[in-house]
Amino acid sequence: MTLLGVSTGVLADRTDLTGLLAYEPEVVEFYNYPRSMLAAIERFCVRHGIRPALHTPVPYDEPSPLRRFAPTGPDPDEAATALRLTEATVRCAADLGALHVVVHFPSPYPPYPLAGFDSWCRDFLDAACGLAREHGVPVLVENLSAHPLLHTAEHYRDALAGRPELGLCLDVGHAHLLGPEHGPLGYARALGPAVRSMHLYNTTSARYPEHGHEPAHAGQSAADGYLPLAELLPELLGLTGAPAVVLEHRPPAPGDPGPEQIGRWIRALIGHRRPDRPTPDGPAARTPDSPGPRTPGGPGPRTTGGPGLRTPDSAGPRTPGGPAARTPGETARTAPTGPPRPAHT
């Protein structure tokens, strides 16, 4: 059974969690919240019978919003920061009994160096596998549309092969922006049950730069460039059996359907009523008697035992057909400019 979820990205006031209840969600995916909000998040989920999920980074205590998340470098400091934020999020997810953790992958920002890219990818994914095993929380990489070396369904299928601890969060809008030959159905067919969640909203290639993630509703037409979600979503679920579909649109604007209408329509497409207790894979859901999350000043992040983060002088083995690692002093080669880059979420 697929659970209906909603991202906190739909909120105009991110501290007003009650604004999520109109969607009648079984899952809420929390994104970019500080440590000081964790206790309130836990109380909210327990009170309303909601299963939390986390989108990296949580917790995030910096005064300014996260603008760059670059797990595959090529800047080693940015890659180290991305891994540190991912580890903190997985630890927090285990404490909260979260359904999953979502992480953007790979780095979506130009330029796109060819040299060493496969090594950066391997190091991050191996570390994510270690975190998922240690903490018992599925880690889902979210497909992005920007990087020319890793953006298609086949790219993600190959990256996840042999890593059962990981899965894909299929962002249907990001896939749609790649064009019909690389759309959401291509991902569902290539990855099947490796798709463990979906981010759902609607958009067109013409409207995305200005309007971003638009709320999905029945009035959006394929003739205008939108995804035909009434036909597409049931087909995607039939191919993948994804445990969750998470609404991830911007805060509704004047003229948009209300949260109740959006939730009812998507729930009808999913084809089920809200259960009393969602029981998908992942850590056990938090109950009122469960111990709370770790408090600030608690034990520091555990190390995973996986390989260390790649440094500029590293030169590990390359994957078959992948680019060789760049040696010190070698001029970086760059890939062609990729497809349109999505917004951070």
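Biologist: How many helices and strands does the secondary structure of the chain come to?
Modeller: This is a predicted model, where local features need pLDDT of at least 70, side-chain atom pairs count only at pLDDT 80 or more, and totals for chains, interfaces and linings use all residues. Residues are numbered from 1 along each chain as its sequence is written, and side-chain values use heavy atoms, leaving out hydrogens and water. Helices (H or I, at least four residues) and strands (E, at least two) are DSSP runs, numbered from the N terminus. The chain comes to 9 helices and 8 strands.

Biologist: Is phenylalanine 30 buried or exposed?
Modeller: Buried means under 20% relative accessible area, exposed over 50%, partly exposed in between (1.4 Å probe, protein chains only). Phenylalanine 30 is at 0% relative accessibility, so it counts as buried.

Biologist: Which kind of aromatic pair do phenylalanine 105 and phenylalanine 124 form?
Modeller: Rings of Phe, Tyr and Trp (its six-membered ring) pair if their centres lie within 6.5 Å; planes under 30 degrees apart are stacked, over 60 edge-to-face, the rest tilted. Here the centres are 5.9 Å apart with 15 degrees between the planes, so by that cut-off the pair is stacked.

Biologist: Where in the chain does phenylalanine 124 of that pair lie?
Modeller: The pair links distant parts of the chain, 19 residues apart. Phenylalanine 105 is in the loop between β4 (101-104) and α3 (117-135), while phenylalanine 124 is in helix α3.

Biologist: Over the ring of which residue does the charged end of arginine 14 sit?
Modeller: A charge sits over a ring if NZ of Lys or CZ of Arg is within 6 Å of the ring centre and within 35 degrees of the ring normal. For arginine 14, the distance to the ring centre is 4.1 Å, and the ring belongs to tyrosine 33.
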